[in-house]
Amino acid sequence: MRLVLIAALLASAASGPVYAHETAAPVVQSKPVPKEQLLKPPADAVQYVVVSEAGQHGSQWRWQLPDGRTAYRWSQELRGWITEMDQVTTFGPGGAIDALTVRGVTTSGDAAEEFRVANGRATWKTANDSGEAPAGGWYIPAGGVGIANAPLMDALAAAGDAGLNFLPSGKGRMTFGPTQVIQGPGGPKKVQLAFVSGILPSPLPVWLDENKRYFADISYISVIPAGYEGALKQLRNAQEAATAEAVAGIAKRFLSPAAKAPVLFDNVQLFDADKGVFLPARAVLAQGGKIAAIGAAGSLKAPAGAQIIDGRGKTLVPGIWDSHLHIGDDWDVLSNMANGITSFRSPGTTFDRAVEATKRRADGSLLMGEPFISVIIDKKDPLAAQGAEVVSSAEEAIAAVQRVKAAGLWGVKFYTSMNPAWIAPAAAEAHKLGLHVHGHVPATMKPSEAVAAGYDELTHLNFVVMESMPREVIDKANTRQRVEGPARYFKDVDLDGPVMSRFIADLAAKKTLVDPTIVIFEGMLTQDGGKPQPAYAPYMGIISPVLERSVFTAGGYPLVEGLTRDDYRKSYAKMVQLVGKLHKAGVPIVAGTDGWGIELIRELEIYRQAGFSPAEAIQSATIVPARVVGADKRTGSIAVGKEADLVLVDGDPSTDLSALRRVVTVVSDGYVMDANELRKAAGYSGTPK
C-alpha cells in the first residue's frame, strides 16, 4: 500500500474524513477547464520532473504571479493517462493557505477545487464533497499540483515537536533522518530525508534541502527538481534503507522465538480448501512451523507452553493470497500481513527490490508474506511501463528473461508496448527456464493471439474483454483505450456469440489462467464519487484521513464523450457476467487486487456475485494460487504436514465473505501474531467494519 499512498500524495490526493460540517456534494458531471485555458509557466518558472526508471512522464512548475500569489502547473502523460492542471494559492501572514483554486483534469476527472478562509471560517468544495470548519489549520487539498504541498513540508520542518494542525482535521509532525550528498546542475548538494506522521497511516518520507526546505518526493514515480534525475536511485536506496531500519524492530517483535510456540485452535470452523468445504467444531494444532494435527473439537491436547485459542464463532482459513500485489515498501508488506495475506504474487517488481526484500524476509528482518515475483518486460517506448526492463529487440527480450531466471524469480510479465513478434520467442525461453508467462496484451495483439504465443495467464479482465473490441481499440491497447474501449463497447457484446464463446472455450481447454482484478473496474466504471467505494467502505475511519477524500470516495474513470455513468455500469455488469462464464467453463481464476491488499475481500465478494460459491471464492485466494506457483504441497490449505499459514477470522465466511476482513489471528510460517497488534503497528486505528 505504501508506494501507492505516496503516489496519491504526489497527486495532492489528500485530506480528511467527512465530519459534521462536511457533506458529499451533489454529483455533477462538469467539464474540466481545457488544457489550452490553463496557466502557462514562464521561462523562469522552477521546474520539477515526474520520473521513474522508465523515464520522464511529466513536469510540474512553480512561479510567482504579479499580485504575489503562487502559481503551479502540472502536465503529465503516464501510459496514456493524462493529467493537466493548474493551481493558484494565496498564503496568509502565518504561511498557511488562505485561498486556493485548482483547475484542469486528472485521471479521475475534473480537478476543480476551491478553498477560502473568511471571517474565521474555512470552506472548501471539490467535485465530490464540500465542507467548512473553524480556520486555524493547514488545509491539505483533495487534489491539485503535487509540489504545491512543498510549503506544508517547509512549515512542518520549522514547527519541530509542536507540529501543525491540519484541515479538515488531524495533526502532523516531522522527524529527521539521514543525509545524502548528490550531484546536480550546481555540483554537489546535501539533502536530508525526513518523515511526516499524521498524514498517512505510516510515516511519509520526503527529502529536504540543506535549509530544511522541500526538495523531492521519491517513490515508484518520483518528483524531483529538473537536473537531479541522476540521483533518483541513490535517494531511493537511502530512503528504503532508512525505512527498513525503522520497520525492522517491528519484525523482530512479531517474529520472536516466543511467537513460534505451539498454538492450538479449538472449537473452530475449519475451511478445507482442498475439498472446498467448511467443517464445524474442529481443532487444529500447529507446532514447529507445521500443522501437526487436526481433529474434532476438544480432541487434541495442547503441548506444554502452547497458546490455546478458543475458536467459537470464528473460522480458520488458510493464509490468504493476493495474486496481484506489487511489493511496496516495508510498511506496505506489514499492512498486508495485518490483513491475513501470508503469500502473494508480485507481478512487476524491479530486480533490486525483489532480491533485497526476499533476502531480508529470509533472515527475519522483514515481516512479509511469501512472495512469488515477476519482472515486467516492455519495449523501449514513451508508453513503456514504469519499472520495466525495457528492450529493443527479440534478442534483448530473451536476454531479459534470462536475467529474471538468474535472479531466482518466478515469472515474466509482458506489457502493452511490447512488439507482438517478440512474445513467442521470449515466452519460449521463459518456459524452457521454468518461468511463468503472464501479462497485459500488447497493442495490436488479441488476447487469443497472446495465448497462442505462449501466455500462461491473462492479467486484468479488460485484456480478456479485448478479444471482443474493435480493431481501433486493440491497436491502441497501450493507451487509455485499454479502459475506455471496454467501458464504451463491452455492454453491447454478446458473451454467447461466436467470438467470446470460442475464446472462453479455448481458455478453458488450455487451462489458461485469468487474474481479473475486477475490483479495479468496479471503482473505475461504477462510482460517481462522494461516497465510499464498496472496496474501501469497511476501512473508512481506520486507515488514513488523507485517503478518504482522495481515493476511498473518489469518482470513477472520466466519462467518454457521449456516454453516461450508467453506460459504464452496464459494461461493468457484463464484466461480472464474464467472470462467471469463465469460472463455469473451467477457466482457472486467481484473486488479485493490483491495489493495496485491502480490496481483496471485495474481489471475492464480486466473484460471489458472478456465481462462485463462497468456498470457490476463497479457493481462488488460497489453494488455487498455491497450485499455480507450485507450492500446494506445502501451503495453500490446512492439512497435516503443511506449513502453518493460517488466518482466524471472526464470523462465518460460508455465509458472509466479509468475515474475512475481520482478522483475529495470523499465523505465518508458524509465527502466531495478534491481528489487532499487527494493524496497530501498520498504522490502523481499528478493525475493518
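Helix α13 (residues 518-526) and helix α16 (residues 600-610) pack at about 90°, and their axes lie 8 Å apart. Axes are lines fitted to C-alpha atoms, for helices over the stretch in contact, and angles run from 0 to 180 degrees between N-to-C directions. Helices (H or I, at least four residues) and strands (E, at least two) are DSSP runs, numbered from the N terminus.

This is a predicted model: local features need pLDDT of at least 70, side-chain atom pairs count only at pLDDT 80 or more, and totals for chains, interfaces and linings use all residues. Residues are numbered from 1 along each chain as its sequence is written, and side-chain values use heavy atoms, with hydrogens and water left out.

**Helix pairs**

α13 and α16 are therefore roughly perpendicular to each other (65 to 115 degrees; under 35 counts as roughly parallel, over 145 as roughly antiparallel, the rest as oblique). Ile518, Val519 and Glu522 of α13 meet Arg602, Glu603, Ile606 and Tyr607 of α16. Contact means heavy atoms within 4.5 Å.

A second pair is α3 with helix α4 (residues 330-338). These two are therefore roughly parallel to each other. Thr243, Ala244, Val247 and Ile250 of α3 touch Asp330, Trp331 and Leu334 of α4.

| Pair | Angle | Axes | Contact residues by class |
|---|---|---|---|
| α13 and α16 | about 90° | 8 Å apart | four nonpolar, no polar, three charged |
| α3 and α4 | roughly 30° | within 9 Å | five nonpolar, one polar, one charged |

Ala, Val, Leu, Ile, Met, Phe, Trp, Tyr, Cys and Pro count as nonpolar, Asp, Glu, Lys and Arg as charged, and the others, Gly among them, as polar.

**Sheet**

Six strands form an open, mixed sheet in the order β11-β12-β13-β14-β15-β16. Two strands pair if DSSP finds at least two bridges between them. β11 (138-139) and β16 (214-216) are the edges, each pairing on one side only. Strand β15 (residues 204-208) runs antiparallel to β16, joined by two bridges. Trp207 has Ala216 of β16 as its bridge partner. Helix α3 (residues 232-254) packs on the sheet, touching β13 (171-184), β14 (187-197), β15 and β16; its direction makes about 140° with that of β13.

**Cores**

A nonpolar core is a set of buried (under 20% relative accessible area, 1.4 Å probe, protein chains only) Ala, Val, Leu, Ile, Met, Phe, Trp, Tyr and Cys residues joined through side-chain atoms within 4.5 Å. The largest has 179 residues; Ile199, Phe414, Leu461, Leu578 and Leu582 have the most contacts inside it. Helix α15 (residues 565-585) gives the largest share, seven residues. Another core, of 17 residues, lies apart and includes Val51, Leu193, Trp207 and Ala238.

Technical notes: Buried < 20%, exposed > 50% of the residue type's maximum accessible area, 1.4 Å probe, protein only.
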